[in-house]
Amino acid sequence: MRDIVICETPDDAADAAADVIQRQQAAAIAARGVFRIALAGGGTPRRLYELLASAEWKDVIAWESWEVFWGDERAVPPAHAESNFRAANDALLTRVPVGEIWRMPADAQDLNAAAADYARTLRSRFEPGSLAFDVVLLGMGADGHTASLFPDSPALESGALVEAVTAPHVIAQRLTLTLGVLNSARFILFLVAGAEKARAVERVLREEDFRLPATRVIPRDGECWWLLDHAAASLIR
Ligand code: 6PG
């Protein structure tokens with residue numbers, strides 16, 4: 001089951017995403033005393049991160065109860081311009097008092113060992129047998145990839161929690177959460193904007209084309225919302 005929300009502009013979509021996250025974190029903290037979120041990389045979430053750090057949202061969020069993780073990370077140092085950690089850190093995490101930050105160590109020499117390390121981190125933070133993020137924030141590429149799960153990647157069939165992958169991207173080496181982790185989430189939030197994503201959005205949401213990794217992100221028990229701007233939704237309206 002997917003809920004689709006079409007907003008006029010990318011800023012409206014970021015506003016809607018901030019509202020969803022504020023509500024989900026309040027519910028999680030009320031129920032379990034903690035809110036665990038996996039952040040997305042790429043450029044789309046930047047506006048959302050800045051919004052959450054703004055006076056409009058900052059003071060209605062219980063940051064101290066947040067544990068922050070990532071859905072994927074490029075094999076670059078945390079200060080690198082292409083680092084997903086740096087993107088969230090600069091726009092949000094240095095501006096709010098988040099409880100715990102669990103960076104994906106994709107800058108490690110041995111990426112397979114780093115994947116196993118992050119899997120151990122996940123197991124250590126979640127209650128045994130219930131590795132369910134409260135929110136997983138995801139973007140989507142024009143090829144239908146999400147996190148660093150790309151079309152035809154062997155990682156799509158992995159039973160591990162975290163995989164080291166080689167992506168068809170200028171920064172090829174990455175770490176990514178696997179579909180098993182994503183689909184265990186209580187709430188998946190796709191934030192997708194821009195006309196260049198419209199065809200992939202149509203293939204995922206209208207054609208259910210399972211060749212696109214984003215089509216395979218359907219939480220087993222959780223909710224899945226797609227927040228789109230007008231341009232990204234232009235072929236499904
Ligand atoms: C990454 C992201 C990736 C991203 C999409 C969309 O590390 O590249 O995790 O999955 O969400 O590529 O990127 P944009 O938001 O920049 O279009």
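Me: What should I know about the model and its numbering?
Reply: The model is predicted, local features need pLDDT of at least 70, side-chain atom pairs count only at pLDDT 80 or more, and totals for chains, interfaces and linings use all residues. Residues are numbered from 1 along each chain as its sequence is written, and side-chain values use heavy atoms, with hydrogens and water left out.

Me: In what order do the 7 strands of the open sheet stand?
Reply: Strands of a sheet pair through backbone hydrogen bonds, either parallel or antiparallel. Here the order is 1-10-9-6-2-3-5, with parallel pairing. Strands are DSSP runs of E, at least two residues, and helices are runs of H or I, at least four, both numbered from the N terminus. Two strands pair if DSSP finds at least two bridges between them.

Me: Which strands stand at the edges?
Reply: Strand 1 (3–7) and strand 5 (100–101) each have a single partner strand, so one side of each lacks a neighbour in the sheet. Strand 1 pairs with strand 10 (residues 223–229) over 5 bridges, in the parallel sense. Ile6 has Leu228 in strand 10 as its bridge partner.

Me: Which strands pair with strand 8?
Reply: Strand 4 (residues 72–74) is joined to strand 8 by 3 bridges and runs antiparallel to it. Strand 7 (residues 162–166) is also antiparallel to strand 8, with 5 bridges, and a hairpin of 6 residues joins strand 7 to strand 8.
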